[in-house]
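I set down what I looked up, in the order in which I looked.

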Amino acid sequence: MSSASGGLVTAMDPVLRRRRGTWTGWVGAPNAGQDELSRALGSTPARPPYSLQAVPLSATEEDLFYRGFANEVLWPLFHGFSDRWSSEPRYWEAYRTVNRRFARSLASTVSWDDLIWVHDYHLMLTGKELRALGLNHRLAFFLHIPFPALEHLEEMPWSGELVKALCHFDLLGFQTNGSRSNFLDAARHFVSDAFTEGSGDEHPIFQGRTIRTGAFPISIDAAAFSADTHGSLVTAMEREIRAEMGDRTLILGVDRLDYSKGIPEKLRGFDLALERHPELRGSVLLKQLVVPSRDQIPAYKETKGEIEASVRRINERWGTQAWQPVEYLYDSWSRSELLAHYRTADVALITPLNDGMNLVAKEYAVANQGSGVIILSAFAGAAQELGTDALLVDPCEPGSVAMAIFQAFQMSPRERKERMERARTTVRTHDVHRWVEGFLAEAICAG
Ligand code: ADQ
């Protein structure tokens, strides 16, 4: 991970705090070790109550493995951005080397009965590497991002090797059934001999082991989120934000800087809403937080420039002396600031073009104790659980986003409250602890 401000850390930290275990990871800076990893994951005091094992990477490896293969090849390809991925062969070589290093590091510390649970697209070769080192442990993998359709995956020359490597895990977990079925299609294509008459269509057998697959939609620590919203600091900040807003409707956007999050598309939709619905002018504020992320990668810099130009255009077009329609912040909020904004916002506007899950939608559902409205992209994994209570949009269609903004603005307090209560119940009953129980129950049956 590059910092502790991503969805993976938000989801996994409470799980390890409760269940213990060892987190093996890279801290996100060249040559960083154990102390840096503690600081990145812990609050104060620095060390979280589980073990940490740092795998250091050199500056070149950070460049080729993390920025290169993980985020300039796999991230765009797996999110369906066929025109954005790089075919640089050095990236692939670095990915193999680093995955091997992670496997060696893991192999040096595991006990004979440990379950090894590997997370995300950075480490898809570790299963194969661990087996090559002779480990017979139960190996599980969870992919936090979407698994692409075969037609996208096939564009990359290393796809076959990647899919075959994944087949060394006993359990492969995905966010949605769509991703799971895309993986099975890819396995059928690249590892066809794993599908025999005996194995059936859904349970490939690879080197004598049955590979289990499943959809496990990830969630948040809903109880902790809900409890933290009552802190005095959060309440004071909420009062301040409300006072600044006056009677205006606060529409909130919280996204990591990423072209997959659909921020320029969101702004296009907002602009069109102001054009089509004069009632909104002077009455709404879009507060958009963009959390810095991967900003060394050219595509991310471009996205940042595009967002900033678009904010300027909208403010020039519609702003008056008394009112500026968009407040844009390129920053990282503290948890209290984030919670205070979730509590105050009348609408959460979440428009990724493609997203494994999107935890912001779930966090808002739990933290907003009032009667907020969730506007959510149909292409976020979270839409499958929250789809009936949120207003679903196609982020590529500005008209769809504009209509949802106006619908949220006009929605009766009663309808808002009912929708929000149902969304909150969904997230509370399917929280991250239930997610982990479901995954581990399946992992224990595997292997
Ligand atoms: P991400 O793409 O990082 O995660 P997301 O699910 O949107 O995205 O989560 C972002 C997380 O960052 C939220 O938990 C949020 O609270 C946190 N955050 C936002 N602003 C912050 C700030 N200023 N400081 C600290 N934290 C901040 C990937 C996938 C997602 C998937 C998650 C989990 O891309 O689709 O939901 O993993 O599996």
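**Entry 1: Asn358.** Is Asn358 buried or exposed? I found Asn358 to be buried, with a relative accessible area of 6%; buried means under 20% and exposed over 50%, with partly exposed in between, for a 1.4 Å probe and protein chains only. The model is predicted, so local features need pLDDT of at least 70 and side-chain atom pairs count only at pLDDT 80 or more, while totals for chains, interfaces and linings use all residues. Residues are numbered from 1 along each chain as its sequence is written, and side-chain values use heavy atoms, with hydrogens and water left out.

I located Asn358 in the loop between β12 (347–350) and α14 (359–367). Helices (H or I, at least four residues) and strands (E, at least two) are DSSP runs, numbered from the N terminus.

I then looked up the partners of the Asn358 side chain. It makes a polar contact of 2.9 Å with the side chain of Asp355 and reaches the backbone nitrogen of Ala361 at 3.1 Å. A polar contact is a pair of N or O atoms within 3.5 Å; within protein, one must be able to donate a hydrogen and the other to accept it, and residues adjacent in sequence count only if both atoms are side-chain atoms. Beyond four places in sequence, Asn358 touches residues including Lys261 and Ile350 (contact means heavy atoms within 4.5 Å).

**Entry 2: the ligand.** Which residues are closest to the ligand? I noted His144, Trp333, Asp355, Leu359 and Glu363 as the closest of the 22 residues that surround the ligand, where near means a heavy atom within 4 Å. The largest share of this shell, three residues, comes from α1.

Domain 1 (3–219 + 433–445) and domain 2 (222–429) both give residues to the shell, so the ligand lies between them; the bounds come from an automatic or database domain assignment.

I recorded a backbone N or O atom of Leu359 at 2.8 Å from an oxygen atom of the ligand. The protein covers 91% of the 720 Å² of accessible area that the ligand has on its own, by the Shrake-Rupley method with a 1.4 Å probe.

**Entry 3: His144.** I placed His144 in the loop between β4 (138–142) and α6 (150–153). His144 counts as buried at 11% relative accessibility. Its side chain joins that of His119 in a polar contact of 2.9 Å.
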